[in-house]
Amino acid sequence: MVTSVATEGAGYARYTYRLRVSSTALAALMAEWDRCRWIWNECVAKSKATHLHNKASPEDKGSCGPAQLDRMLTVARTATAWLREGSSVPQQQVIRDFGKSRAKAQKDIKDRLPMHRRAGMPRWKKKGEADPSLNCTRRGFRLKDGRLQLAGGISLTVVWSRDLPSEPSSVRVYRDSPGHWYAGFVVAARAESLPVAGAVLGVDWGVKETATTTSGVHDLPHAQHGKKAQVKLTRYDRMMARRKPAKGQAGSKGFREAKRLRAKLHRKVARQREDTGRKWAKRVVRDHDAIAVEDFRPKFLARTTMARKAADAAIGATKRSLIEMGRKHGRAVHLVHPAHTTMDCAHCGARAKHALPLGMRTYTCIACGTLPDSLG
């Protein structure tokens, strides 16, 4: 699985590999995660205390930035032997991640975004509920004899499904909801130029069809991966409902098994959607030099009657894959504001909001007489 994480030039890419974790390595990883989780919760406590102090004493405001939290970590590692047993690299990265999360929440508050669009302040990470995640920079890990060695003597077996294109600059080791361990390496992406295709394409997003284009052969029909898996998902939901534990009690073995199977199926559906989107994006980028894409944000559909079908279409993930694929292969991908994508003629630019019915291949421009099929 490869996902882009930067935008400059070819940018950077994250190459994710499955990990084989022994019992010894698992114990070491969980101990490291306990330290990082404790630091995160201390940062949350410090942030809350700073907020209460600033609210009570507006004339003597304090701050809770990464610099203050770094000093707090230094004092804590000096006074606590348990913290010193772990590597300082992932612990410092926890503070960096906390700082980014808190800064984003404060920016949303300052910009007066609606509550449903705000990121929210960082919250506590509870033991047994939060999935482990460790971030290491270059000085916190190394690759030796095909194995991933983290600071602190943690050695992990990597399932190398493909070769890394270059030396990684950082790695993220994490466990997903079904309980599988992965390592995501960040490397510099390599641009792979394609021959000139001599064609351009327009893409309009929808729900009945995920992508409608000016070229009929490049339309992306709704794959309905979630609908096909709904029977099994309903079965697992019923299994969990019958075995749901009382509040404050641990779930039974059957409840945990049903929860694991449900998470595993959700992960499979997500991967199917991603695979469908990437394959379609690769075909579109290979056949066209320039692509005009509706800059559609499908989040509002979650509050409509089309929420389930829109989520199954994975419009956001597909659009992201198309943008990343265009950057990788040096194609021009232009984001067009969705306000006028079905109002303006792509040939002459005439505005016909009320004269033209919606749909990219169902009308003829009243200004120049151009058919949309002739534009592709």
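In this predicted model, a salt bridge links the side chains of D108 and K104, with 2.8 Å from N to O. Both residues belong to helix α4 (residues 88-110), where four residues, about one turn of the helix, separate them.

Helix α7 (residues 253-287) contains both R260 and E257, three residues apart, about one turn of the helix. These residues form a salt bridge whose closest N and O atoms are 2.9 Å apart. R260 is partly exposed, with a relative accessible area of 29%, and E257 is likewise partly exposed at 36%. A further salt bridge joins D275 to K279, with the closest N and O atoms 3.1 Å apart. Because D275 and K279 are four residues apart in helix α7, about one helical turn separates them. Here D275 is partly exposed at 37%, while K279 is exposed at 56%. The whole structure holds 17 salt bridges.

Strand β9 runs parallel to strand β12 (residues 290-294), to which four bridges join it; L201 stands opposite I291 of β12. With strand β10 (residues 209-213), β9 pairs in the antiparallel sense over three bridges, and V203 has T213 as its bridge partner in β10. Three residues lie between β9 and β10 in the hairpin that they form.

Nonpolar side chains tend to be buried together in soluble globular proteins. The largest nonpolar core here has 35 residues, and those with the most contacts inside it include L29, L148, V171 and V173. Helix α1 (residues 23-56) supplies the largest share of this core, eight residues. Beyond its neighbours within four places in sequence, V171 contacts several residues, among them L134, F141, L150 and F185. A second, separate core of 19 residues includes V285, F296, A310 and M325.

Finally, confidence must be considered. The protein chain has an average pLDDT of 87, and 88% of the residues score at least 70. Over residues 4-8, however, the pLDDT is below 50, and over residues 353-362 it stays under 50. Where pLDDT is low, the predicted coordinates should not be read in detail.

How values were computed
Residues are numbered from 1 along each chain as its sequence is written. This is a predicted model: local features need pLDDT of at least 70, side-chain atom pairs count only at pLDDT 80 or more; totals for chains, interfaces and linings use all residues. Side-chain values use heavy atoms; hydrogens and water are left out. Two strands pair if DSSP finds at least two bridges between them. Helices (H or I, at least four residues) and strands (E, at least two) are DSSP runs, numbered from the N terminus. A nonpolar core is a set of buried Ala, Val, Leu, Ile, Met, Phe, Trp, Tyr and Cys residues joined through side-chain atoms within 4.5 Å. Buried means under 20% relative accessible area, exposed over 50%, partly exposed in between (1.4 Å probe, protein chains only). Contact means heavy atoms within 4.5 Å. pLDDT is the predictor's confidence in each residue, from 0 to 100. A salt bridge is a side-chain nitrogen of Lys or Arg within 4 Å of a carboxyl oxygen of Asp or Glu.
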